[in-house]
Amino acid sequence: MTRLPPALIIGAAITAFFLGVALVSLVWTPYDITNLVIADRLQPRSAAHWFGTDQFGRDMVSMLMEGARTSIAVALIAIGIGISIGVPLGLAAAANRGSLIDEVIMRGNDLIFAFPSLVIAILITAIYGPSATNAILAIGIFNIPVFARVARGGTLPIWTLDYILAARTAGKTRARISAEHILPNIANLLIVQATIQFSLGILAEAGLSYVGLGAQPPTASLGKMLSEAQTMIYSHAYLAVLPGLAIILLVLGLNLMGDGLRDALDPRLRRARG
């Protein structure tokens, strides 16, 4: 029986905890964060408020729960955009290596890579205004060339294998070969890359919200909580420490899970451990 890498177990546990918190926040939080109770502002930890309250009287536990949900939702949808568009583009580029299709796809990827997600977000929000939806678009667009490159790089060696030649001899189209024979063989690469991009998406969402380009009030965001707490960090450090710690743990969990998945799914690493 194959022993799972410790990094995978620890990372999956941390990630599962935050995913569970985000799911619970869909139906329940200790307090409604849209209700500002100024009389209860900056309350210390107590039985009523486990992590205290912020400068607007909002319960910190409720804010962290909904902030985690926002960060995870934005990153997850953005990763979905990157995979659903980037992977087919990468497969098409590899299937037509050296052709005009390959050149157009890869040069388009280079063009997107020239603009970081923050710059893309600024362009989008300059036109449509800041929101979580526009943050999703910015992060999602930046993820497209990432998955396109991974899919293309993992696919090119497979096209030289004998069973692919046999499939082409049997009359299968390049699109059918890519879907039936190649995609299952690069799934492990895509899964590992998805966990890495997920953690980067969490950081990107937090960064965009921190500078005011992401989620807008009354929607909670870990990055927005950090931004609101920066003027009170010396007097009430917990306002910044708690969301910052949540971001660190979530990103750490995803990175550990990505490393563990890479070790578990790579046959060469499995043989080395064995």
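Helices (H or I, at least four residues) and strands (E, at least two) are DSSP runs, numbered from the N terminus. The structure described here is a predicted model, in which local features need pLDDT of at least 70 and side-chain atom pairs count only at pLDDT 80 or more, while totals for chains, interfaces and linings use all residues. Residues are numbered from 1 along each chain as its sequence is written, and side-chain values use heavy atoms, with hydrogens and water left out.

Empty space was examined next. Rolling a probe the size of a water molecule over the atoms shows where empty space is left. On a 1 Å grid over the protein atoms alone, a cavity is a set of points where a 1.4 Å probe fits but cannot get out, whereas a pocket is an open set with protein on both sides within 12 Å along at least five of seven lines; lining residues have an atom within 4 Å of a point. Grid points are joined across faces, edges and corners, and a volume is the space filled by probe spheres set on the points.

Two cavities of 30 Å³ or more were found in a search of the whole structure. The largest cavity has a volume of about 60 Å³. Its lining consists of Asp 54, Gln 55, Arg 58, Met 60, Met 63, Met 225, Glu 228, Ala 229 and Leu 239. Two or more of the lining residues are given by each of α2 (60-95) and α8 (222-229), and α8 contributes the most, with three residues. Residues were also sorted by class: Ala, Val, Leu, Ile, Met, Phe, Trp, Tyr, Cys and Pro count as nonpolar, Asp, Glu, Lys and Arg as charged, and the others, Gly among them, as polar. On this basis the lining of the largest cavity has five nonpolar, one polar and three charged residues.

The second largest cavity has a volume of about 50 Å³. Among the residues that line it are Arg 58, Met 63, Pro 217, Pro 218, Lys 224, Met 225 and Glu 228. The largest share of this lining, three residues, again comes from α8. Its residues divide into five nonpolar, two polar and three charged.

The largest pocket holds about 450 Å³ of space. Of the 20 residues that line this pocket, Phe 17, Phe 51, Val 61, Leu 64 and Met 65 lie nearest its centre. At least two lining residues are supplied by each of α1 (6-27), α2 and α9 (238-265). By class, the pocket lining has 18 nonpolar, one polar and one charged residues.

Aromatic contacts were then considered. Rings of Phe, Tyr and Trp (its six-membered ring) pair if their centres lie within 6.5 Å; planes under 30 degrees apart count as stacked, over 60 as edge-to-face and the rest as tilted. The structure holds two aromatic pairs. In one, the ring centres of Phe 17 and Phe 18 are 5.4 Å apart and the planes stand at 80°, so the pair is edge-to-face. Accessibility was classed as buried (under 20% relative accessible area), exposed (over 50%) or partly exposed (in between), with a 1.4 Å probe and protein chains only. Phe 17 counts as exposed, at 54%, whereas Phe 18 counts as buried, at 8%. The rings of Phe 113 and Phe 142 have centres 5.9 Å apart and planes at 90°, so this pair is also edge-to-face. Phe 113 lies in helix α3 (residues 100-113) and Phe 142 in helix α5 (residues 132-155), so the pair ties together parts that are 29 residues apart in sequence.
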